[in-house]
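I am opening this notebook to record what I looked up in the model, entry by entry. The structure comes before the notes.

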Amino acid sequence: MTILDLPEAHSLHAKQHPPAHEDDAELTEKTVFGFWLYLMSDVVLFATLFAVYAVVGRSYAGGPTGRELFDLWFVLAETAVLLASSVAFGFVTLAAQEQRKQATLLWMAVTFAIGTVFIVMEVYEFHHLIEEGAGPSRSAFLSAYFTLVGTHGLHVFSGLLWMIVMAVQLARDGLTATVHRRLGLLGLFWHFLDVIWIVVFTEVYLIGVL
């Protein structure tokens, strides 16, 4: 019998080297908590931008108003596209939970494609406004509009880049615990952007055309 065979030695060894699943659970808890802190900082950022827009959103400086500029049907289509991407990511989550790697990759590609359509539509909208002389320097209203909507667009673009990274990791490593954790955080981020866009649609576009 060696010292490692003694119960006391086994107990000491377990304390010094906890099971791997306990380490994974602790890491997941810390990562999720840290990500929630990040999302709260994003909430503060967008709340500030919404507040600025609420203050200067009627400062047209003799320039065009939201009613003159915004095509509500086009923006409704943008909204439908972004919501569809969120639904598609829901299928990413379901496929990942069922350990279906190929289905997860497929639905992530669908989500990426729909999200790209949203970005293209937003870039087209910005280009169209600038071509009409309604750029961000035209008035305080337009400065606040471009800043708020553009910040949301940059977040969507960041989410698309994140999807590319996750697709590479998933294809290389499979549905490991780490990949599951990161997919969960990506899903949280993507759905958060949907919520922000609903507020943008209501405050900027819907009220803006009234």
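**Ground rules.** I note that this is a predicted model, in which local features need pLDDT of at least 70 and side-chain atom pairs count only at pLDDT 80 or more, while totals for chains, interfaces and linings use all residues. Residues are numbered from 1 along each chain as its sequence is written, and side-chain values use heavy atoms, with hydrogens and water left out.

**Confidence.** I looked up pLDDT, the predictor's confidence in each residue from 0 to 100, and found that the protein chain averages 89, with 87% of the residues scoring at least 70.

**Fold.** I count seven helices and zero strands in the protein chain, where helices (H or I, at least four residues) and strands (E, at least two) are DSSP runs numbered from the N terminus. Of the contacts with a separation of 6 or more, 82% are between residues 24 or more positions apart. Buried residues make up 39% of the 210 residues; buried means under 20% relative accessible area, exposed over 50%, and partly exposed in between, with a 1.4 Å probe and protein chains only.

**UniProt record.** The unreviewed entry lists residues 35–56, 72–92, 104–124, 144–171 and 183–207 under "transmembrane region"; such annotations may be inferred rather than shown by experiment, and the positions are given in the numbering used here, with feature names shortened. I checked two of these ranges against the model: residues 35–56 are 100% helix and 0% strand, with end C-alpha atoms 32 Å apart, whereas residues 183–207 are 96% helix and 0% strand, with end C-alpha atoms 35 Å apart.

**His152.** Which residues are in contact with His152, once its neighbours within four places in sequence are left aside? I find Phe46, Leu82, Phe118, Leu193, Ile196 and Trp197. His152 belongs to helix H6 and counts as buried because its relative accessibility is 0%. Its C-alpha atom is 7.5 Å from that of Trp197, although His152 and Trp197 are 45 residues apart in sequence.

**Gly187.** Gly187 lies in helix H7 (residues 177–206) and is buried, at 5% relative accessibility. The C-alpha atoms of Gly187 and Val92 are separated by 8.7 Å, the two residues being 95 apart along the chain.

**Salt bridges.** I took a salt bridge as a side-chain nitrogen of Lys or Arg within 4 Å of a carboxyl oxygen of Asp or Glu, and by this rule the count comes to two. Arg100 pairs with Glu98 at 2.8 Å, N to O, and Arg100 is partly exposed at 43% relative accessible area. In the pair of Asp173 and Arg172, the closest N and O atoms are 3.0 Å apart; Asp173 is partly exposed at 39%, whereas Arg172 is exposed at 58%.

Conventions
Contact = heavy atoms within 4.5 Å.
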